[in-house]
Each structure stands twice: as C-alpha cells, then as structure tokens.
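Please look over the model below together with its sequence.

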Amino acid sequence: MLRMIQKRTSLIKLLVPGPRLHQTVAQTAIKEIPAIKPTSISKSDKIVGKWFLGVSGMVFVAVGLGGVTRLTESGLSMVTWKLTGERMPRTQEEWVQEFTKYQQYPEYKLKNVNMTVDEFKFIFMMEYIHRMWGRAIGGFFLLPAAYFWKKGYFCAKTKKSVLLLGTLIGLQGLMGWYMVKSGLEDRFQDPNDVPRVSQYRLASHLAAAFVLYALSLSKAMSMLMPANTFVIQAKSAFNIKGLSHLTKAMVLLTAISGAFVAGLDAGLVYNSFPKMGDKWIPDDMWQFQPLQRNITENPTTVQFNHRILGISTVTLTTALWLVTRRMRLQLPKRANWAINAVVAMAWTQATLGVTTLLTYVPVPLATAHQSGSLILLSFALWLSHEVRLLKYLPK
C-alpha cells in the first residue's frame with residue numbers, strides 16, 4: 001500500500017511543474033530576449049565624443065555668460081554687429097566714440113542718461129565677452145569638424161548630426177543679433193518705458209541654446225558611454241522611458257518660460273512664495289486684451305506660469321523616483337544614479353528659484369538658477385540615455 005502511494009506521488013510530481021521548473025522557464029524566456037553586448041569604444045569615437053562634449057561645455061558657459069549679461073543689463077551696449085567680430089576699443093578716444101554711438105539709442109536716452117564712460121566700459125565688456133565666446137564656439141566646432149570629416153572619423157549618422165549642429169550654431173549667432181536689435185529699435189517713446197529686448201526673441205535665443213546643448217551632449221554620451229540592454233519583468237515594470245522623455249520636455253518648457261520671466265523682469269513682481277502677495281491667483285493675471293496676450297506679455301501671468309511649470313517638474317521627477325524604487329534591483333547602477341541625480345537637482349533648482357524670487361533676483365543667485373536648469377536637463381538626458389535600450393519581459 002505504501003509503495004503504491006509513493007508511486008502515485010512521484011507521478012504527480014512529474015505531471016505538475018515545480019518551482020524549479022518555473023524558474024527555468026523564466027530564465028529561458030529572458031535568454032531569448034536579444035541582448036546587445038557592450039562594445040569597445042574605438043579611438044576615433046573617443047576623440048569625436050570628447051569633441052562633442054567640449055562643444056556642449058562651451059555652450060553651457062555661453063548660457064551662463066548670457067544670463068550674467070542680461071542681469072547686469074549689458075546686452076544693449078554694443079549697437080553694431082559684424083560676422084567676424086567687433087574690435088574692442090583700446091584708447092580713450094575709441095571708448096568715447098563707442099559711447100557716443102550708444103548714446104543715440106533708447107536705453108541711454110530713457111534709462112542711462114547719467115552714465116559715464118567708465119560705467120559704459122563695464123557693460124560693453126560684458127556683452128563683448130559674450131559675443132566673442134559665441135564666436136569661439138563656432139571656431140571650436142568648425143575647425144575640428146572639417147578635420148574629422150576629411151579623416152573619415154564620422155559615420156553617416158554622425159555627419160547628419162554635425163551638419164545639424166553647425167547650422168544651429170550659425171543660426172544662434174544670427175538670432176542673438178536679431179534679439180539685440182529689438183532693444184535698439186525706436187519703439188520706446190514714453191519716459192516710463194524700459195528699453196529691453198523682445199521676450200519672444202529672448203526665449204527663442206535661449207531655446208536654441210538649450211537644443212544645441214542637448215544635441216551635442218547626447219551625441220557625446222552615445223559615443224563615450226554606450227548604453228547596454230537590460231530586462232525588467234513586466235509585472236513590476238513602469239514606463240520609465242516615457243517618464244524620462246516627459247522630464248526632458250518639462251525641463252525645457254520650464255526654462256523657456258523662465259526666458260519670458262527674464263525678458264519682462266517678471267521676477268520683480270510678487271516676491272513672495274507660495275502665494276503671490278496675499279492670494280494664490282492674483283487679480284491682475286488677465287488684465288490685457290485679447291486674453292492670450294497675458295500668457296507672454298503680462299509679467300504677473302508669466303511668473304505664475306513659471307511657478308506652475310516649476311512645481312510640475314519637481315512633482316514629475318519625484319513621482320519618477322518613487323515609482324522606480326520597487327524596481328531598483330532590476331535597474332543598472334548608472335540608471336539608478338541618474339534617477340537620484342534628476343530628483344536631487346530638481347529640488348535644488350526649485351529651491352534656487354524660490355530663493356532668487358524672495359531676495360529680489362540678485363545676480364549670483366539668478367545666474368545659478370539659470371545654470372541649474374541646464375544641469376537638470378543634463379541629468380534628464382543622462383537618464384534617457386541609460387534607459388533607451390530597456391526591454392520588458394512579457395508575463
């Protein structure tokens with residue numbers, strides 16, 4: 001009798017798969033997913049990748065210089081533009097001649113009528129450094145690009161990226177002058193007018209710089225830090241790719257809204273947080289007609305929108321960090337680092353923004369806040385790069 005029971009038990013074990021069999025099936029399923037083995041980086045890719053990284057670094061500095069130039073109100077000091085660059089005045093006579101040119105334009109007539117030549121020298125130098133740095137980026141890009149192209153360092157895909165980046169750099173220089181020109185036009189007639197560049201052109205100029213930075217940095221990471229395929233079980237998976245792309249978009253959108261804040265000096269209204277004055281929603285948000293003008297021309301509305309976008313970005317990155325906690329063991333180490341960096345920088349950037357607002361936009365804090373947006377975008381690009389080859393194991 002015991003022998004019969006033992007035989008039936010053995011038969012049941014054979015017919016019903018046990019835990020080990022389930023584990024074997026799961027492992028087999030994972031093995032069936034094609035994996036891209038990490039490949040070694042060629043010498044030419046290392047050189048080109050470092051060059052792309054250098055371009056992104058120079059663009060980063062240019063954005064910072066542009067922020068300082070704007071915050072010190074130096075952007076309208078140079079009233080002419082030449083493709084090859086303007087010569088800096090060397091003698092006192094040349095400085096007086098340059099100052100005389102500046103005196104013919106609205107900023108001097110309506111705002112700086114008491115400015116001396118020595119005070120003019122400071123704002124001129126700030127704008128001069130910014131412009132020359134922009135031309136240095138062009139040289140740093142163009143000369144190595146021509147050499148690498150001739151030597152055959154570029155594949156077909158990289159050639160397209162190089163042509164795109166070169167076009168963007170050229171257009172960025174033209175856009176910079178187009179922006180400055182809007183502040184030199186004779187459209188400021190009232191003594192209460194504040195001569196400034198068009199906020200639309202300023203936002204376009206900044207957005208182009210961010211796109212240029214993002215493309216060059218992404219290309220550098222793809223050549224210097226090749227991403228590897230990794231697998232996550234479907235039952236615990238979440239659309240990390242989608243969230244990473246959404247994070248990049250939110251960072252860029254918030255930065256562009258910040259350009260409208262800068263262009264309208266909207267950071268100097270309602271210097272309180274979280275409320276704007278005594279209210280959550282100010283009464284003067286929709287005072288312009290037609291109503292859509294308020295979104296880009298009303299300082300109160302522009303600041304309100306920037307606050308909402310900033311809070312939304314912090315909320316999104318925090319949600320990304322929370323939903324990926326349960327799958328940390330399945331994520332590569334670099335992807336975990338990127339997630340932590342994104343959420344930490346998002347909170348740091350929000351803190352910088354609020355502090356800048358409460359302290360009435362001091363130059364050092366405002367510059368740090370603008371540069372912080374690029375650092376946050378860098379981490380978001382890094383995260384997107386690390387998860388781009390993510391695969392999901394079907395149930």
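The notes below begin with the basis of the values and then go topic by topic.

This is a predicted model, in which local features need pLDDT of at least 70 and side-chain atom pairs count only at pLDDT 80 or more, while totals for chains, interfaces and linings use all residues. Residues are numbered from 1 along each chain as its sequence is written, and side-chain values use heavy atoms, with hydrogens and water left out.

**Confidence**
- The mean pLDDT, the predictor's confidence in each residue from 0 to 100, is 87 for the protein, and 86% of its residues reach 70 or more.
- Over residues 11-36 pLDDT stays under 50, and the model has 11 contacts (heavy atoms within 4.5 Å) beyond four places in sequence for this stretch.

**Overall make-up**
- The protein has 13 helices and 2 strands, taken as DSSP runs (helices H or I, at least four residues; strands E, at least two) numbered from the N terminus.
- Of the 395 residues, 41% are buried, that is, under 20% relative accessible area with a 1.4 Å probe, protein chains only.

**Annotated spans**
- An unreviewed UniProt entry annotates "transmembrane region" at residues including 132-149 and 335-361; such annotations may be inferred rather than shown by experiment.
- Residues 132-149 are 100% helix and 0% strand, with end C-alpha atoms 26 Å apart, whereas residues 335-361 are 89% helix and 0% strand, with end C-alpha atoms 35 Å apart.

**Helix α8**
- L215 is found in helix α8, which covers residues 199-224, and has a relative accessible area of 33%.

Note on methods:
Buried < 20%, exposed > 50% of the residue type's maximum accessible area, 1.4 Å probe, protein only.
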